[in-house]
Amino acid sequence: MINYTLKCDQNHTFDSWFKSAEAFEMLVKKSMVVCSECGSTKITKAIMAPSVSTSRKKGNKPPELEKKSKLKNDILELKKKIEANSEYVGNNFANEARSMYLGETPERSIYGEAKADDAKKLIDDGIPVMPLPFLPAKKAN
Ligand SMILES: [Zn+2]
């Protein structure tokens, strides 16, 4: 897995995980990487300015690495929390989110998969959805 800091054409930056550099390129080409702020699919890798640290710590891991593994733990925690407290709706995510928003089904936490187009439509309609920094585990029905 690779974590990239990405930037959309509106200059929003966000982090996302990809299986590989090739997978990232392919997903961007298919417009499947969506800015969580504005729904833009014009995504590029953000060029990160090298960080300058004035305080030196001796012996320990470089701060960058610590941050990375903390992020990874945070994501795993989030994944556990979401899977424990939310209902997996699979490919039906967009429909479920919409009918919940419209009050057709009781409100609850759901997670699943949505096509970039569907996710963008939800965002356009003001329906609060959030891209997850991981792929939901597929559950057998
Ligand atoms: Zn954006």
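**Figure 1. Ser31 in the loop between helix H1 (21–29) and strand E3 (43–45).** Ser31 lies in the loop that links H1 to E3. The model shown in this and the following views is predicted. The phi angle of Ser31 is near 55 degrees, a positive value in a residue other than glycine. Ser31 has 15 other C-beta atoms within 10 Å and therefore counts as partly exposed.

Figure 2. E1 and E2 run antiparallel and are joined by 6 bridges. Within this pairing, Leu6 stands opposite Phe14 in E2. The two strands form a hairpin with 4 residues between them.

**Figure 3. Asn11 in the turn of the E1–E2 hairpin**. Asn11 counts as exposed because it has 11 C-beta neighbours inside 10 Å, the limit for an exposed residue being 12 or fewer.

**Figure 4. The parallel pair of strands E4 (residues 87–90) and E5 (residues 110–112)**. E4 and E5 pair in the parallel sense over 3 bridges. The bridge partner of Tyr88 is Tyr111 in E5. Together with H3, the strands E4 and E5 make a right-handed β-α-β unit.

**Figure 5. The largest nonpolar core**. This core holds 13 residues, of which Ile43 and Ala119 touch the most other members. H3 supplies the largest share, 3 residues. At least three residues of the core come from domain 1 (1–47), and at least three from domain 2 (62–141). In soluble globular proteins, nonpolar side chains tend to be buried together.

**Figure 6. Contacts of Ile43**. With neighbours within four places in sequence left aside, Ile43 is in contact with Leu6, Cys8, Val28, Val33 and Cys35. One of these contacts, Leu6, is also the residue that stands opposite Phe14 in E2.

Methods
Residues numbered from 1 in each chain as written. Predicted model: local features only at pLDDT ≥ 70, side-chain atom pairs only at ≥ 80, totals over all residues. Core = buried A, V, L, I, M, F, W, Y, C linked by C-beta atoms within 7 Å. Buried ≥ 20, exposed ≤ 12 C-beta atoms within 10 Å, placed from the backbone. Domains from an automatic or database assignment. Contact = placed C-beta atoms within 7 Å. Pairing = 2+ DSSP bridges. Right-handed = clockwise from strand over helix to strand, strands pointing away.
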